[in-house]
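Hello,

Here is the structure I promised to pass on. Please have a look at it first, and then read my notes below.

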Amino acid sequence: MATPHGSWGLAQQSSAVGEGSERRTAVYGEGSLAAAAPSLTRRFSRSRGWSAAPEAAGHLDTDASPWAYPANKGAATKPAPRPSEDEGDGPIAKIKDVAELAGVSAATVSRALNNVPTVDPALAARVRVAARKLDYRANGVARNLRLQRTDVWALIISDIGNPFFTAVARGVEDVAQQAGFSVILCNTDEDSAKEARYLEVAETEKVAGVIMSPNVFGSDITRLRAARIPVVAIDRALRDPVDSVLVRSAAGARGATLHLFEQGWTRPACVTGPENADTAQQRLAGYREAFRVLRKRPAHALVRHADFRADSARDAVRSLLDSKNPPDAFFIANSSMALGALEELADRQLVPGRDVGLIAFDDAPWAPFVDPPMSVVAQPVYEIGARAGRLLLDRLREGGVPARARTIRLDTSLIVRASSQRGMLRAAVRATASQGATDWTA
């Protein structure tokens with residue numbers, strides 16, 4: 001399995017050893033750690049090289065460690081440990097050395113460096129300072145063999161080209177890094193075979209947990225559940241009882257469609273995702289609910305299903321505009337599809353907000369900067385990722401597969417811009433023309 005960018009995180013471990021004994025130990029301030037164990041700080045440097053011989057420094061090292069220099073050349077000593085081929089030519093700090101320097105137990109060092117929240121903050125600070133002084137590095141291979149899992153999360157998404165998932169990934173990664181985990185990103189392209197391979201790799205490589213956006217055809221996580229690898233679903237729910245972070249898509253779509261009616265558009269169409277995609281169905285349901293709220297009959301001829309991508313959405317918009325009774329506005333189910341809609345409208349020289357109404361799900365980074373700016377239903381994308389990360393951390397602390405799945409549902413927000421406001425551009429053109437005529441006559 002390829003090593004992700006950044007350092008490997010520290011595994012979340014637990015220990016039965018309490019903190020009482022450490023609290024009874026003499027407390028050393030962070031600035032006095034060297035005084036607590038002077039030989040340790042001389043024995044290691046940031047480059048992990050040997051310190052100068054005590055004789056050369058004008059004193060003797062009285063530490064009883066087998067790595068200490070002898071008081072005289074005739075004294076029997078234990079041989080120094082062979083340095084690692086990967087670590088240069090100096091001795092390698094071990095967890096017991098960090099514990100000795102910090103004045104705590106090895107168990108406390110493990111918990112502190114693994115960010116276990118029950119460790120006293122003062123003890124954790126001492127441990128971190130000691131680890132930095134000794135340039136301590138955890139033995140990831142040995143730890144993974146012991147724990148039977150890695151310190152990596154797999155984030156499996158359905159479309160890496162969608163800006164929605166970029167922001168979600170940032171939320172996941174921030175939470176993971178703070179907890180000492182790394183994240184690998186897997187893109188399935190809505191391909192169930194690719195997704196199955198990534199799920200197999202996640203189980204084989206014993207990742208700590210999986211956060212995934214299931215593909216539209218349904219996802220099989222049987223192997224992960226058998227291996228007690230916790231899974232959190234985002235954007236779309238899984239059939240299995242796992243934790244999920246979802247958005248109230250139907251409510252957002254209803255609000256967007258009602259907004260189009262309120263602006264005076266009379267025949268808004270809906271271009272949504274595949275019929276077997278849960279989010280596509282929810283957004284279509286919200287669109288139809290807006291008709292019912294206004295006591296209007298939704299026309300089946302105004303609905304098109306596409307594959308959440310620009311090309312197929314453009315084809316859908318083209319077929320709607322070429323129909324016998326074309327729409328005068330569009331609700332588009334995601335930002336990638338909105339690009340296809342904008343391309344088709346531009347080819348026909350139709351301007352959103354003047355000739356047709358347009359609003360889309362997802363506030364893509366480019367949405368405020370197209371001409372005219374595009375109205376959107378914004379999802380709390382970063383929060384989706386961050387909430388999913390925190391749910392996964394909770395499950396890791398609890399030991400894996402949940403007995404009772406939890407679902408978090410987040411609200412959307414309507415951001416109105418010029419593309420959906422009927423008559424706004426016409427008024428602006430009239431005002432500009434009037435101003436121009438005044439200037440000319442002057």
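Which residue follows H16, and is its phi positive or negative? The residue after H16 is Gly399, and its phi is positive, near 105 degrees. Please keep in mind that this is a predicted model.

Let me start with the helix itself. H16 covers residues 381-398, 18 residues in all. From its first C-alpha to its last it reaches 26 Å, close to the 26 Å expected at 1.5 Å a residue.

Several residues of H16 are buried, among them Ile384, Ala388, Leu391, Leu392 and Arg395. In general, an α-helix has 3.6 residues a turn, so residues three or four places apart point the same way. The cover over the buried residues of H16 includes helix H9 (163-178), along with strands such as E1 (152-157) and E5 (243-247).

Now for the sheet. Six strands make up an open sheet, in the order E2-E1-E3-E4-E5-E11, and their pairing is parallel. At the edges are E2 (182-187) and E11, each of which pairs on one side only. On average, neighbouring strands of this sheet are turned by 15 degrees against each other, direction ignored.

Within the sheet, E3 and E4 run parallel and are joined by three bridges.

Finally, how do the two parts meet? H16 packs on the sheet, where it touches E1, E3, E4, E5 and E11. The direction of H16 makes about 165 degrees with that of E5.

Notes
Residues numbered from 1 in each chain as written. Predicted model: local features only at pLDDT ≥ 70, side-chain atom pairs only at ≥ 80, totals over all residues. Heavy atoms only, no water. Helix = DSSP H or I, 4+ residues; strand = E, 2+ residues; numbered from the N terminus. Expected span 1.5 Å × (residues − 1). Buried < 20%, exposed > 50% of the residue type's maximum accessible area, 1.4 Å probe, protein only. Contact = heavy atoms within 4.5 Å. Pairing = 2+ DSSP bridges. Axes fitted to C-alpha atoms, helices over the stretch in contact; angles between N-to-C directions.
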